[in-house]
Amino acid sequence: MSTLKLTNVDKTYGGTVNVLRDINLDIETGELIVFVGPSGCGKSTLLRMIAGLEKITGGELQIDGAVVNDVPPAQRGIAMVFQSYALYPHMTVRENMQFALKLAKKTPAEIDAAVASAAEKLQLTDYLDRLPKALSGGQRQRVAIGRSIVRDPKVYLFDEPLSNLDAALRVATRIEIAQLKEAMPDSTMIYVTHDQVEAMTLASRIVVLANKGIAQVGTPLELYESPKNEFVAQFIGSPAMNLLPGTIVETGALTKVDLGHGLEVTSTVPTTDADMGMTVNVGIRPEDLVETDGTAAFEGKVKIIEALGEVTLMYFDGAGADFICKLNGIHAGRRGETLRLTASPDKVHVFANGESLLYR
Ligand SMILES: Nc1ncnc2c1ncn2[C@@H]1O[C@H](COP(=O)(O)OP(=O)(O)O)[C@@H](O)[C@H]1O
Ligand SMILES: [Mg+2]
């Protein structure tokens, strides 16, 4: 049985502003699902509907097989951790974590056991008697998470929990969340972020939201290796995947695309006779480009170089403006050079009308 099931879920604010349409999603027990997507695409709205903080205006939400559309938040067995963690400033870490359990009239022994166990998972045992003001930002965020853990919810919802932290702390806290998930293998977590590194590293599956719907659901590597459409192709991976317009000139197990200017590229995406002459976009990730003496997919002059040490980003002056290549190591002196580049056929994606031909 799946923990969470969304069927044709819609959201319209105020009767007129439709922000999500026809969302279908199954989430299994123990998964860590990450919602990603551009700002304003409805990530928080979807999370808040699951929590019960926002009305579901169409479709159905089930938790453990029961429809909960009209079940109040407190009875859904869900805990939500927000971006701004409001701890009670006059209460110690222990008191902050005890608070909800006292309200729920748990026994002192139950409360002590729950707080001790949560503190251990979150490495807060040594800080239980401190006030929030004597904690770092990351520790405060952990206390906020601890306040939900003690209630032993079935599902945890996180809405951009790390976005208030500085870069170094974000990385550290991200790893703590991964460890926390490992310590709670049976808890289901849904995590919203616009940071794709967080999404790629934490998720068992990523849900990419765009244009009011789900652009693709898959494991991080499925989205990276086999994006369903140009949106996901360019949203996952940094710098974004290059897209080059062309025409299919050979079909079969291997597909050849003429890119104009004497340039062409071969892809392992299969096509049929009927696809001959089709107008497509070829997608190649900056890190999949290699230099070639043979037939090139791209030829251009290096306009700008960003030497990051481990890799070098090269921005090209070419027909299809924003072409970027990522080479391992240092190639700082190559500005102004003309390079001929191609990619291995299994790294060449092919899209028609924005959709990958792989998924037809
Ligand atoms: N209470 C509201 N009333 C009307 N529109 C809203 C309300 N809350 C959010 N929206 C709109 O819904 C869309 C999705 O918002 P949100 O879920 O916060 O996006 P995200 O979290 O992905 O950035 C946005 O266009 C936003 O303006
Ligand atoms: Mg949001």
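**Briefing: ligand site, core and domains**

Ligand 1 is surrounded by Tyr13, Gly14, Val17, Val19, Gly37, Ser39, Gly40, Cys41, Gly42, Lys43, Ser44 and Thr45. The model is predicted. The domain assignment of the protein gives two parts, domain 1 (4–234) and domain 2 (240–359).

**Shell around ligand 1**

- By class, this shell holds four nonpolar residues, seven polar ones and one charged one.
- At least two residues of the shell come from strand E2 (17–27), and at least two from helix H1 (43–51).
- Helix H1 supplies the largest share of the shell, with three residues.

**Nonpolar core**

- The largest nonpolar core has 91 residues, and the members that touch the most others are Val34, Val208 and Ala297.
- Strand E3 (residues 32–36) gives the most to this core, namely five residues.
- This core lies between domain 1 (4–234) and domain 2 (240–359), because both give residues to it.
- Leaving aside residues up to four places away in sequence, Ala297 touches Leu244, Leu259, Leu263, Val265, Ile284, Leu341, Thr342 and Ala343.
- In general, nonpolar side chains tend to be buried together in soluble globular proteins.

**Two domains**

- The centres of domain 1 and domain 2, taken over C-alpha atoms, are separated by 38 Å.
- Where the domains meet, seven residues of domain 1 are in contact with twelve residues of domain 2.
- The side of domain 1 that touches domain 2 consists of two nonpolar, three polar and two charged residues.

Notes: Residues numbered from 1 in each chain as written. Chains lettered and ligands numbered in written order. Predicted model: local features only at pLDDT ≥ 70, side-chain atom pairs only at ≥ 80, totals over all residues. Near = placed C-beta within 6 Å. Helix = DSSP H or I, 4+ residues; strand = E, 2+ residues; numbered from the N terminus. Nonpolar A, V, L, I, M, F, W, Y, C, P; charged D, E, K, R; others polar. Core = buried A, V, L, I, M, F, W, Y, C linked by C-beta atoms within 7 Å. Buried ≥ 20, exposed ≤ 12 C-beta atoms within 10 Å, placed from the backbone. Domains from an automatic or database assignment. Contact = placed C-beta atoms within 7 Å.
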